[in-house]
Structure formats: C-alpha cells, structure tokens
Amino acid sequence: MIEEINSYFKERFGVSVAETKLHSHSESEWKQFSESNGFNADGAYLVRGREAHVNADSRFAAIDTFHEYFGHGLYTEHSVIGKKLYSLEQKLMNEEKEAGVSSREELGRFRENSDTCREIREFQEKTIAPYEGFAMWMEWHLSMLTGKMPLYEKKEACRSEGARRLTNEFIEFSRQNTDYALLYANGFPKHCNMAVLNEIARNVFRNDLNSIAFALVYGSRKPYSDIDLFIVSDKIPCFFTGWLDVYSVPREKFSELLSKQDISITDALCSGELIYGNNASFQNAKHKAVSAPPSKEAIDFHLNHACKAKELSEKCTDAREKRSAARYAVSYRLNAIEMQRGRKPLTLNTLMERYPEQFRPFEKPYIE
Ligand SMILES: [Zn+2]
C-alpha cells in the first residue's frame, strides 16, 4: 500500500516520500515510546530524523500513517516551510553535538539558551496551521482514494472543533481549486504541465469560464515560483494569492493595449503557452504583436506609462507593489528606447538580456 501510494504521488504531483522512515510500533512498544517522549496521540512525526511513528495496533493505524508518514513526511521533505523546519532542526542538532551535551538536564539547559531553538519554536508557532492542516487533509484525501471513509469519519468525530475547522478549510480549498492547487498553495514544487494548468483554470474560474477568450501561462515557471497566468476576460479580475498571480484584461482594453504594443501584453503573448480557450484568437493576437512595426504612438505610450509607474512606485507603501511598479517603469522605458531604435524586444526576457544591469535590482533570490 505504501509503495502504491508513493507511486501515485510521484505520478500525479512529481513528489514522493523518500527520506522519511516509518516506525510501526506494537501497542506495548507505543506505550513506552509515547510516554518517554511525552506524546499523547497515536502517532508522531519527528522532523529532525524524518521519522513517522504510529501505533500499529490502534484501530486508526492506517489513517495515522496517512497523517504522519504521507502528510508530515511529504510536507517536511518537499514544501518550503517543511524544508526550512528540517534545516533548522539539523542546525540545532549540530550545535548540540558541538556543545557536547549528554544528559537530559544539560540538553534542556542548552535549548533554553539556544537562539536556534527559539527560532524553531517561533517558526513552528507561525506555521502550525499549514503543517497540521496539510497532514489532516492528507488523511481525508488518502482515505477517499483507498475506500477508508467510514474509518476516517470515526476518527474525525474524535477531533477538536478547531482541528475540524482547519481540516475543512483545506478540504474545501482542494475541492474548489483542485488537489494540485492545494499542494502548490502549501509551498510544494509546481511541476506544471498544460493538462494540470488547464484543470486548475477550469476549477479556479469555474463561474466565469465562458468569459475567457484565452488563458496563457507565462513568467518564470520555476517549481518554487508562483504561477503567472495571463487572461483575456470581461469578468475575471486581476489577483494574487501567493501561488497564483493572475493578470487579466478585458477584451476591449486588450485590443487597445495590443495596438500600442504594450510590453506586458506582448510579453505574455510571445512567451506564454495556451492553457485554456481559443487558440486561433491567441495566435491571431500574437501575430499582430509580432508583425506590427514600432509606431510613434506606441513609443509615446511606453514613455508615458514609464513615468506613471515611476510615480506610483515612489508613492507605494506595500513592498511588493513598490517593487513591481519600479520594475514596470524600467521595462516600459527600455521598451520605448528599443522601439525608438526600430527594434521590438516583445518579451521581458529579451529586454533583460539586453539590459541586465537595469534589471539587477529586481532579481529575487531563488528559493530551493
Ligand atoms: Zn500531525
């Protein structure tokens, strides 16, 4: 069963539990283990050694395994938060080794004064909701796939009100946005392919699907970056949720911006791939973007837009918006300069290749 579920994860999400070891205890072993560690549940996950422990004699053993081994195991091995937690634990372990603590008392005193230990505690407090919410969602998800819903419901009935609410938030999110989106929103790597993105788009925009002329994926498409979508729609607004960044433009505005060769539009058209909607409209728009010669109107538009973006970035208080507006100002100004020279970079990548120095302040450290 473990191997089967792991192949399912590998195939569907591109990740599986690789480092975590599963320790199945008998009832008496579990009693001893949990008492000596001060646990009061029928399962535990130890981040430091990536160990999932369960009481194999509990009636909920299968579901506890879903929680500890697959839930916390996958999260600790692959999500941004889980990986940070693991690396902090490794750091603390090495510090404890260096300090040469041997007894429990010494260890207790060492941890009380350790900055790393404090950092771990604070980080855990901040991230407990996604850490536990994901593992409880995993119980539900795998119970559903393996026909264990009756057992799951019995276990769920024993849960606190708060835990039930948190689990429901996760379940509702995956129902609305797909299970892929649930992993992506929880900091798992995005092994995006067109079929997955199409499924996500059909779910996320389910109420406004008819309004979409076409939807493209563009931007960096790196596993730990957000997903950038460009959409032509009269209904869907622009929004950003941490894992999904949607740039949506109404049809009329789109035609107007395309006629001005707006770099944010030509960039999406020339670097993007269709994930939903009408391919002929997309190709037609792309052809227009590529074939139109640089015009005086387009140059003036970009110079004007660069000024406005610069003013906006000076006024902005939100760091993300400030940075984004400043980057816009640079892109629009440089695109105008290029067009004045009779050239059309069309994409931000081309602009960045030609003017690396100007874009250096906007480089993000890549989180792996
Ligand atoms: Zn847990």
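**Entry 1: terms and overall picture**

I take helices as DSSP runs of H or I with at least four residues, and strands as runs of E with at least two, numbered from the N terminus. The model is predicted. I began with the whole chain. I found 17 helices and eight strands in the protein. The C-alpha atoms fill a box of roughly 80 × 50 × 35 Å along the principal axes. I noted that 32% of the 368 residues are buried. I then looked up contacts with a sequence separation of 6 or more: 61% of them join residues 24 or more positions apart.

**Entry 2: domains**

I checked the domain assignment. The assignment gives domain 1 as 2-185, domain 2 as 190-291 and domain 3 as 293-368. I looked up how far domain 1 lies from domain 3: their centres, taken over C-alpha atoms, are 44 Å apart.

I went to strand S3, residues 51-55. Is S3 enclosed or open? Four of its five residues are buried, so S3 is largely enclosed by the rest of the structure. Strand S1 (residues 21-25) runs parallel to S3, with five bridges between them. Strand S2 (residues 43-46) runs antiparallel to S3, and four bridges join that pair. I looked up the partners of His 53 in S3. His 23 bridges to His 53, and Ala 44 also has His 53 as its bridge partner. S2 and S3 make a hairpin with four residues between them. In that turn, Arg 50 has a positive phi of about 50 degrees.

I looked at helix H2 (residues 27-37). One of its eleven residues is buried, so H2 lies largely in the open.

Next I checked the length of helix H4 (residues 80-99). At 1.5 Å a residue, its 20 residues should span 28 Å. The C-alpha atoms at its ends are 29 Å apart, which agrees.

**Entry 3: the five-stranded sheet**

I traced the open sheet of five strands. The order is S6-S7-S5-S4-S8, and the pairing is mixed. The edges are strand S6 (239-240) and strand S8 (273-277), each pairing on one side only. S6 runs antiparallel to strand S7 (residues 244-249), through two bridges. Phe 240 has Asp 245 in S7 as its bridge partner.

I then looked for helices on this sheet. Helix H13 packs on the sheet and touches S4 and S8. The direction of H13 makes about 65 degrees with that of S4. Helix H10 (residues 194-204) also lies across S4 and S8, running at about 40 degrees to S8.

**Entry 4: Lys 286**

Is Lys 286 exposed, partly exposed or buried? Lys 286 has 19 other C-beta atoms within 10 Å. Burial needs 20 or more, so Lys 286 counts as partly exposed. Leaving aside neighbours within four places in sequence, Lys 286 is in contact with Leu 269 and Cys 270. I also checked Lys 286 against Ile 212: they are 74 residues apart in sequence, and 17 Å apart from C-alpha to C-alpha.

**Entry 5: nonpolar cores**

I looked up the largest nonpolar core, which has 59 residues. Ala 201, Ala 215, Leu 216, Leu 229 and Ile 231 touch the most other members. Helix H6 (residues 115-145) gives the largest share, eight residues. Domain 1 (2-185) and domain 2 (190-291) each supply at least three residues to this core. Another core lies apart from this one; among its 13 residues are Ile 263, Ala 298, Phe 301 and Ala 336.

I went back to Leu 216 for its contacts. Beyond residues up to four places away in sequence, Leu 216 touches several residues, including Leu 229, Phe 230, Ala 268, Leu 274, Ile 275 and Phe 282.

**Entry 6: positive phi away from glycine**

Arg 221 is not a glycine, yet has a positive phi of about 55 degrees. Arg 221 sits in the loop between strand S4 (212-218) and strand S5 (227-233). With 15 other C-beta atoms within 10 Å, Arg 221 is partly exposed.

Leu 346 is not a glycine either, and has a positive phi of about 65 degrees. Leu 346 sits in the loop between helix H15 (319-340) and helix H16 (348-354). Leu 346 has 21 C-beta neighbours inside 10 Å, so Leu 346 counts as buried.

How values were computed. Residues numbered from 1 in each chain as written. Predicted model: local features only at pLDDT ≥ 70, side-chain atom pairs only at ≥ 80, totals over all residues. Buried ≥ 20, exposed ≤ 12 C-beta atoms within 10 Å, placed from the backbone. Domains from an automatic or database assignment. Core = buried A, V, L, I, M, F, W, Y, C linked by C-beta atoms within 7 Å. Contact = placed C-beta atoms within 7 Å. Expected span 1.5 Å × (residues − 1). Pairing = 2+ DSSP bridges. Axes fitted to C-alpha atoms, helices over the stretch in contact; angles between N-to-C directions.
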